[in-house]
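Here are my notes on this one, jotted down as I went through it. Have the structure open while you read.

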Amino acid sequence: MKTSALLLLLVWGLIPKGMAQSDPCPGCPCPSDSLRTLHLDEIVVQSRPELPSLSRFYQTSQLAQTEDLLARMPACHLIRRGSFGMEPLIRGLSAGQINVRIDGMAIFSACTDKMDPVTVYVEPNNLKNLEIKTGTRGSEWGATIGGSVHLQTQDPVLNADRPWMGKIGTGFQSAAQSWQHQLNFNYTQRRLGLRLNGVYRQSQPYRAGNGQTIAFSQFNKANLGASLKYRLNEQSLLKASVLLDEAWDMGYPALPMDVAFARARIYGLAYELYPAKGKLEFLETKVYFNQIHHLMDDTQRPEVQIHMDMPGWSKTGGAYLHTEWALAPQHQLKARLDFYQNVVRAEMTMYPEGEAPMFMLTWPDARRSVGAVFLAYQGKISSRLLLEAQTRLDYALSRLTSAFGRNQLAVFGYAVEGNIAHVLPTVHLGLRPASEKKWQWRANLGYGQRAPTVSEMFGFYLYNRLDGFDYLGLPTLKTEASWQMEASLHHRTKKGATELSLFYHYLPAYILADVDPNLSAMTPGARGVKVYQHIPFAQLLGAELQTSQTFGTHWQWVGQWKFTLGQDHRAQALPLIPPLKSIQTLRYQRPRWSLQIEQEAALSQTRFREDFGENQTPAFMIFHLRGSYHWQFRTQSIELSGGIENLTDQPYWEHLDWIDIPRPGLNLYLNLFYRF
Amino acid sequence: MKPSFLFFFIMLLMGLWACQNQEETPAPNPLEGLTKIVSAEATTLGLQVALWGEASPSVGYQELYFSVTDDEGKAAREVRVSITPMMQMMAHAHSCPYEALASDRPAINLFRFGMAFMMPSGDMGSWYIDVEVKDLATQASETVRLPLEVTAPAEARLKSFESAIDASKIFVSIAAPKRPSVGINDFEIVIHRRNTMMDFPAVEDFTVEITPEMPTMGHGSPNNVNPVHQQNGHYRGKVNFTMTGLWRLHLVIKKGGVVVKDDLFFDMTF
Ligand SMILES: [Cu+2]
Ligand SMILES: [Cu+2]
């Protein structure tokens, strides 16, 4: 494949038709243009498409959580409140500043405390593609300033040599005494493909590096996915998918509450068309619906003044139409129409002894309807330059659907009658040389806006354990904007590739909560009330460096460094900005076995926000050792993998870990798979 | 399936989501929401006198309605009504604060009064209301007696105390909110003074400060409006509740800047 063509593919972030290299069944009679499927267990990570080998590396083990993969993505960090459900952060931006989508579907968490980022619903063995796009490049999935995380689930394989394929595995980790079992099956006929995917996890409270057992860090989770693909004819197919996720008894040591249960139901039905000729190359339309029910309680916690329940619901329904056009040989267009509606409600009920229960809506029946148009052009604008231009316009209407919810906010002087409209334009421009050379540069400019989140607009006394304040929304919040620049330099040799990216964001009207001394806190023990508002501006500056080098035939080194600086208009640090982090991996690979050592390290974070509950986080350095061996018997194989994480049993935590709860100490793990 | 069909499907879905809820308004009925508490016949006038209320009478301020009708339940003749609520106790009898109010319902011969019962019926004594009905055409009048049962509500809606200024007996009763709810509530209190056992004039020159609190959690609510005197001892303001549960409304009552009572409170659980 020509390098320029490769570049085109990478920019699109999808593997379009005709890419025979991705065909999982070479030689099979199905037309390759109806196959956009990769190997069952291959995870393609496309945040840095020029370094595709990165994915294999960070696919540390089939049983690792999707979060473990996210943490190893360039530009990505995780905010940690428990041993499960970590929240992604891209270049210092998170929550409503970024968009997380599953198979193109909008889905929003049901927890007011961000315990359930939607990334938890796609298990690594069901993940085909994890795509992180930074800044306005991520606008395909929604109006954004920070970027996008797109999780694509595994497709059923169509028309393979064998009707049945699958994999069964089990694993154990010592630090949390946790068991993880998984399976996936694929059944295929000429026109039909069916895939079943299941994971069950059970984990006890883990042991940290200092020998201490972290109470309330247990979790239990089952995830079941089923998808069906039916080829209507040579050009088109139907896809239906169901994803069910059930979690119970999930501890969140950094929060005052745990999760009694969390339940997600995700449904999608898509039609895909691959016209044989004409300018339209690909069309996909999809209708979807998902709902999440989340129940937080503190009944397991000792010394609680008043016990409380905090259930939350989030329902999203939507539809989109996605098209890809080849205008001319070097000019491609992608157009997308998006529509979705999300309804959330969260309640808090306190049960004082011998008194009437106390009730409020922490998310007061908020509904948001969004309609959007997205256009992306990519093409050679001169013999030497390639332009990538994207634009998106979102129109978002937010309202409170219940009188109870409106009455609550009326107390604070906000009359939230009718719809609140936000118009969100996003523009992204990228330039790069059309031909690939040893040295290559890339320049990106972007402008984007995002609507304030439900919590930021309507949140009602949401207690934040990190700073100890109750948070109140501000219904009159405007959009948050970002002007951004990115420059990167890429160097490629036969032995490897290196990329350096620099970015800068100027964020006018940045949304940050501030203390309102006139208001009294609701939560017992809270320090006061913060109300979301705009600060004049904020700035983000940072860099990422990745390298992948091979030495001889057996050795490979993959390294990455990521760094972000953030400050507000008073030159104070922004909260939740990680310090410089480095992840280095050295692998020795033989055909049947491999051995690798990893180093994870971060500098101390001395730029922190005390008024947001942060403190100085010490530097750390930890090592992991991993190995694997596999036996092949014709079409079947057995794989044994294992390792030791945090080899030196360091007591450590990262800056984005809430309230300095140490991470797991020395952890021995072992996984066994049978593949057929 | 053709793409056009899917398009149609999507459009249909979009249309469904765009639908708005609509609320209905009920048709008016003069006795809507009222229940008959007691009735008696004015025999010489040949009229039925009935007492109506939103709830059964209880200690505190409430609005009660008197209807005067013929046997068929129609407002036959134009009449005027005056009342005297009385509590008969062992050794003595006393009245309570009451006031005639302009009618707020579309019906003839339906008379509205405000009344603040200060004690419940029981072993201590019993309540009745003497209703004098005067036929405006014939000028004939007749008094009927309506006995009634006054109960004590779970949470006091009326409290009495001696003024710190002149030791006079003061009655403060909550007129609104009748049913407190989360959000902004109209807040209304009525203040009376005991002049004699039969005379309870309205107090019109007090200032009142309110502070709601959730005693269980120790927090309050913002943007409350202190009640200000309107007329006939009625003070109106706003009280805000941010959640359900037990709320305690602290009242500080002053006259000309001098404290009359500073530790008065009412509990409201909803
Ligand atoms: Cu939660
Ligand atoms: Cu409360």
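1. Start with the spacing of the donor residues around the copper ion (ligand 2): along the sequence they read M-x2-M-x1-H-x23-M. This is a predicted model, so take the geometry that follows as computed. The protein donors are Met214(B) through SD, Met217(B) through SD, His219(B) through NE2 and Met243(B) through SD, and they lie 2.1 to 2.3 Å from the ion. The angles subtended by the four donor atoms run from 94 to 123 degrees, so the arrangement comes out as tetrahedral. Met217(B) and His219(B) are both buried.

2. Met214(B) stands opposite His219(B), which belongs to strand 14 of chain B. The pairing in question is between strand 13 (residues 207-214) and strand 14 of chain B, antiparallel and made over two bridges.

3. The copper ion (ligand 1) is coordinated at 2.1 to 2.6 Å by Cys111(A) (SG), Met115(A) (SD), His294(A) (NE2) and Met296(A) (SD). The site is tetrahedral too, with angles of 87 to 133 degrees among the four donor atoms. Since the call needs all angles between 85 and 135 degrees, I'd keep that range of 87 to 133 degrees in view.

4. What is the spacing of the donors of the copper ion (ligand 1) along the chain? The pattern is C-x3-M-x178-H-x1-M. Cys111(A) sits in the loop between strand 6 (105-106) and strand 7 (127-134) of chain A, while His294(A) is in strand 15 (residues 280-297) of chain A, so this pair ties together parts 183 residues apart in sequence. Cys111(A) and His294(A) are buried.

5. Back in chain B, have a look at strand 12 (residues 183-193). Eight of its 11 residues are buried, so the rest of the structure largely encloses this strand. Strand 11 (residues 169-176) of chain B runs antiparallel to strand 12 of chain B and is joined to it by six bridges; the two form a hairpin with six residues between them. Within that pairing, Glu188(B) of strand 12 is opposite Ala176(B). Strand 12 of chain B is also joined by eight bridges to strand 16 (residues 234-241) of chain B, again antiparallel. There, Phe187(B) has Gly237(B) of strand 16 as its bridge partner.

6. On the surface of chain A, there is a nonpolar patch made of Trp593(A), Leu595(A), Tyr629(A), Trp631(A), Phe633(A), Leu640(A), Leu670(A) and Leu672(A), with about 720 Å² of accessible area together. Strand 29 (593-602), strand 30 (620-633) and strand 32 (667-675) of chain A are the elements giving two or more residues. The largest share, three residues, is from strand 30 of chain A. Leu640(A) is placed in strand 31 (residues 636-645) of chain A and, at 31% relative accessibility, counts as partly exposed.

7. Finally, is Trp439(A) buried or exposed? Its relative accessibility is 54%, so Trp439(A) counts as exposed. Trp439(A) is in strand 21 (residues 439-450) of chain A. The C-alpha atoms of Trp439(A) and Arg492(A) are separated by 6.6 Å, with the two residues 53 apart along the chain.

Methods:
Residues are numbered from 1 along each chain as its sequence is written. Chains are lettered from A and ligands numbered from 1 in the order in which they are written. This is a predicted model: local features need pLDDT of at least 70, side-chain atom pairs count only at pLDDT 80 or more; totals for chains, interfaces and linings use all residues. Side-chain values use heavy atoms; hydrogens and water are left out. Buried means under 20% relative accessible area, exposed over 50%, partly exposed in between (1.4 Å probe, protein chains only). Helices (H or I, at least four residues) and strands (E, at least two) are DSSP runs, numbered from the N terminus. Two strands pair if DSSP finds at least two bridges between them. Donors are N, O and S atoms within 2.8 Å of the metal (3.2 Å for Na, K and Ca); water is not among the atoms, so sites may look incomplete. Four donors count as tetrahedral if all angles lie between 85 and 135 degrees; four count as square planar and six as octahedral if opposite donors are over 155 degrees apart and all others between 65 and 115; anything else is irregular. Patches are made of residues with over 30% relative accessible area and no salt bridge: like charges are joined within 9 Å, nonpolar side chains (Val, Leu, Ile, Met, Phe, Trp, Tyr) within 5 Å. Accessible areas come from the Shrake-Rupley method with a 1.4 Å probe; for residues, only the protein chains shown count as cover. A salt bridge is a side-chain nitrogen of Lys or Arg within 4 Å of a carboxyl oxygen of Asp or Glu.
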